[in-house]
Amino acid sequence: RDLHLSIRRQRQMCIRDRSSNGAHNINQDLDNDAYEQLSAGHQSLHEYLMWQISLSSMNVDDQFIAYNIIDYINDDGFLTESIEDLFVLLKKNIEVTFQEIFAVLHKIQHLDPIGVGATSLKDCLLIQLDHFHKDNEHFDAAKNMIDKLEDDIKPSMISFDSFISEYEKNDQVKNIVKSLNPKPGNIISDSLHQEHILPDIIVVK
């Protein structure tokens with residue numbers, strides 16, 4: 001892990017802080033021309049997230065924090081390391097606070113795909129709910145439904161599907177929750193996998 005941090009720091013020192021005029025705000029839509037130049041099918045989820053960070057207006061230290069957080073996001077899009085462990089690892093290389101880590105993680109969670117970097121399934125769904133359905137009249141009911149999930153990547157008591165089935169009588173709320181992605185990282189990971197398994201030659205008997 002220390003090696004990962006060392007490599008990231010060396011890589012990070014090559015990145016110059018962007019001026020406010022030329023930088024892209026991480027919460028704004030990505031530049032269309034730059035987006036068209038990105039071949040998502042040839043990138044991993046990590047590379048895609050790092051690309052977005054590189055276009056942001058984050059300062060050098062925040063980008064360093066972001067790259068190390070991204071190192072511990074799995075293909076499904078979940079953060080697999082605790083904030084406490086990340087703090088210990090980062091503290092060996094830079095002066096950092098828990099608040100700074102949480103702030104950077106919040107920005108990562110609002111990159112594309114929304115909800116990536118979540119610490120649990122409930123966290124993942126609530127981030128997406130707040131982003132996509134904040135003004136929906138059934139927002140509070142959907143939030144209460146999601147709040148029943150455990151704070152774990154894989155809730156031990158109930159799966160996403162069985163959780164939905166408990167609310168069959170409330171179609172409006174059910175449809176909102178069903179529109180959320182329980183594994184946002186798969187949007188990128190599946191695209192990459194499909195790109196790799198396309199055969200060059202198809203033999204027909």
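## Briefing: cores, salt bridges and helix packing

I114 counts as buried at 12% relative accessibility, where buried means under 20% relative accessible area, exposed means over 50%, and partly exposed covers the range in between, with a 1.4 Å probe and protein chains only. The model is a predicted one, in which local features need pLDDT of at least 70 and side-chain atom pairs count only at pLDDT 80 or more, while totals for chains, interfaces and linings use all residues. Residues are numbered from 1 along each chain as its sequence is written, and side-chain values use heavy atoms, with hydrogens and water left out.

**Overall make-up**

- Among contacts with a separation of 6 or more, 65% are between residues 24 or more positions apart, a contact being defined by heavy atoms within 4.5 Å.

**The largest nonpolar core**

- The largest nonpolar core has 31 residues, and I53, I65, I69, I73, L79, I101 and I108 touch the most other members; such a core is a set of buried Ala, Val, Leu, Ile, Met, Phe, Trp, Tyr and Cys residues joined through side-chain atoms within 4.5 Å.
- Helices α3 (45-54), α4 (60-71), α5 (83-91) and α6 (98-109) each supply at least two residues of this core.
- When residues up to four places away in sequence are not counted, I69 touches L79, L86, I101, V104, L105 and I108.
- Helix α3 is largely enclosed by the rest of the structure, because eight of its ten residues are buried, namely L45, Y48, L49, M50, W51, Q52, I53 and S54.

- A second, separate core of 17 residues includes I114, I127, L129 and I146.
- I114 itself is found in the loop between α6 and α7 (121-132), and its C-alpha atom lies 9.8 Å from that of L129, which is 15 residues away in sequence.
- Leaving aside neighbours within four places in sequence, I114 is in contact with Q109, I127, Q128, H131, F132 and P184.
- The loop between α6 and α7 also holds P113, which is joined to D112 by a cis peptide bond with omega at about 5 degrees.

**Packing of α7 against α8**

- The axes of α7 and helix α8 (residues 139-146) come within 10 Å and cross at roughly 170 degrees, where axes are lines fitted to C-alpha atoms (for helices, over the stretch in contact) and angles run from 0 to 180 degrees between N-to-C directions.
- That crossing angle makes α7 roughly antiparallel to α8, since angles over 145 degrees count as roughly antiparallel, those under 35 as roughly parallel, those from 65 to 115 as roughly perpendicular, and the rest as oblique.
- On the α7 side, K122, L125, L126, L129 and D130 meet F139, A142, K143 and I146 of α8.

**Salt bridges**

- The structure holds five salt bridges, each defined as a side-chain nitrogen of Lys or Arg within 4 Å of a carboxyl oxygen of Asp or Glu.
- One of them links E95 with K91, with the closest N and O atoms 3.2 Å apart; E95 is exposed, with a relative accessible area of 66%, whereas K91 is partly exposed at 38%.
- The side chains of K134 and D130 meet in another salt bridge with an N to O distance of 3.2 Å, and here K134 counts as partly exposed at 48% relative accessibility, as does D130 at 36%.
- A further salt bridge is formed by K143 and D147, their closest N and O atoms being 3.1 Å apart; K143 counts as partly exposed at 33% relative accessibility, and D147 counts as partly exposed at 30%.

Methods
Helix = DSSP H or I, 4+ residues; strand = E, 2+ residues; numbered from the N terminus.
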